[in-house]
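Reader: Please show me how to read a structure like this one. Keep it brisk.

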Amino acid sequence: MSRLPPRPDLDWTAEGAPRAAAFDDVYFSKRGGLAESEAVFLRGCGLPEAWANRRQFSICELGFGTGLNVLAAWRAWKSTGNPDAILHISTIEAFPLEHTDAAAALAAFPEVSDLAAQLLAQWPVRARAPQRLWFPDDRFALTVHIGDVAETLAGLRGSFDAWFLDGFAPSRNPAMWSEAIFERIAALSAPGA
């Protein structure tokens, strides 16, 4: 195994959105990526209602990518989260983007540019280790796990209130959608997740 995790082999669509050549799939639609994150991941998990009146809420995401889903959740948290509560997102990424690629991708979403700038200022380094990013003004912690999803999930402890299953399409990345992965997700889920 290489000491450093692999970089993704990126192509850029005519619209300027990143596409993973190895999986022949886009990270998001440039024309509606943020709205898609909000519809599929936030509303799909019953957010922000699910974190109402909670002192802490934790999400685990499979596939950090550009960080767009994290930005969508962070933005919703800022406007609806309990002012005494903490949001923690753990996210797993096997092929971490370089800072410059993430910046180019996130530039397409001016509505979250302030949060993107904060995320990019602490962008995780390409190393096989969990990295904690803390945004105290917003009571938001992000732990980025760089590595294989099965290995990373096997080492996680605790329980999560919601899951963002954001791997590339199952037909493009079947290892991310295996029965063993879903069994581990079930074991790491809080009641009602």
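Reader: What should I know before starting?

Author: This is a predicted model, in which local features need pLDDT of at least 70 and side-chain atom pairs count only at pLDDT 80 or more, while totals for chains, interfaces and linings use all residues. Residues are numbered from 1 along each chain as its sequence is written, and side-chain values use heavy atoms, with hydrogens and water left out.

Reader: How do I read helix packing, and at what angle do H2 and H4 pack?

Author: Start with the terms. Helices (H or I, at least four residues) and strands (E, at least two) are DSSP runs, numbered from the N terminus. Axes are lines fitted to C-alpha atoms, for helices over the stretch in contact, and angles run from 0 to 180 degrees between N-to-C directions. Under 35 degrees counts as roughly parallel, over 145 as roughly antiparallel, 65 to 115 as roughly perpendicular and the rest as oblique. Now the case. Helix H2 (residues 68-80) packs against helix H4 (residues 113-121) at about 120°, with the axes 10 Å apart. H2 and H4 are therefore oblique to each other.

Reader: Which hand does the crossing of H2 and H4 have?

Author: A crossing is left-handed if the near helix is turned anticlockwise from the far one by less than a right angle, and right-handed if clockwise. The crossing of H2 and H4 is right-handed.

Reader: Which residues of H2 and H4 meet?

Author: Contact means heavy atoms within 4.5 Å. From H2 come Leu71, Trp74, Arg75 and Lys78; from H4 come Leu115, Ala116, Gln118 and Leu119. For classes, Ala, Val, Leu, Ile, Met, Phe, Trp, Tyr, Cys and Pro count as nonpolar, Asp, Glu, Lys and Arg as charged, and the others, Gly among them, as polar. The contact of H2 with H4 has five nonpolar, one polar and two charged residues.

Reader: How do H1 and H2 pack?

Author: Helix H1 (residues 33-42) meets H2 at about 75°, with axes 9 Å apart. That makes H1 roughly perpendicular to H2. Gly33, Leu34, Ser37, Glu38, Phe41 and Leu42 of H1 make the contact with Leu68, Asn69, Ala72, Ala73, Arg75 and Ala76 of H2. By class, that contact has seven nonpolar, three polar and two charged residues.

Reader: How many aromatic pairs are there?

Author: Rings of Phe, Tyr and Trp (its six-membered ring) pair if their centres lie within 6.5 Å; planes under 30 degrees apart count as stacked, over 60 as edge-to-face and the rest as tilted. The structure holds nine such pairs. Phe135 and Phe140 are stacked, at 5.6 Å centre to centre and 15° between the planes. Phe160 and Trp163 pair edge-to-face, at 5.3 Å and 65°. Ring pairs also link Trp51, Phe57 and Trp77 into a cluster.

Reader: Are Phe135 and Phe140 buried or exposed?

Author: Buried means under 20% relative accessible area, exposed over 50%, partly exposed in between (1.4 Å probe, protein chains only). Phe135 is buried at 5%, and Phe140 is buried at 0%. Phe160 and Trp163 are buried too.

Reader: What does Leu115 touch beyond its sequence neighbours?

Author: Leu115 sits in helix H4 and is buried, at 2% relative accessible area. Setting aside neighbours within four places in sequence, Leu115 contacts Leu71, Trp74, Arg75, Lys78 and Asp138. Sequence separation is another matter. Leu115 and Ala72 are 43 residues apart along the chain, with C-alpha atoms 9.4 Å apart.

Reader: Where is Phe164 found?

Author: Phe164 is in strand E8 (residues 162-165). Phe164 counts as buried, at 1% relative accessibility. Beyond neighbours within four places in sequence, its contacts include Phe41, Leu42, Cys45, Ile59 and Ala73.

Reader: Which peptide bond is cis?

Author: The bond from Leu47 to Pro48 is cis, with omega near 15°. Pro48 lies in the loop between H1 and strand E4. Glu49 is found in that loop as well, and counts as exposed at 58% relative accessibility.

Reader: What is the phi of Asn53, and of Arg139?

Author: Asn53 is not a glycine, yet has a positive phi of about 60°. Asn53 lies in the loop between H1 and E4 and is exposed, at 73%. Arg139 has a positive phi near 55°. Arg139 is in the loop between strand E6 (130-135) and strand E7 (140-146), and counts as buried at 19%.
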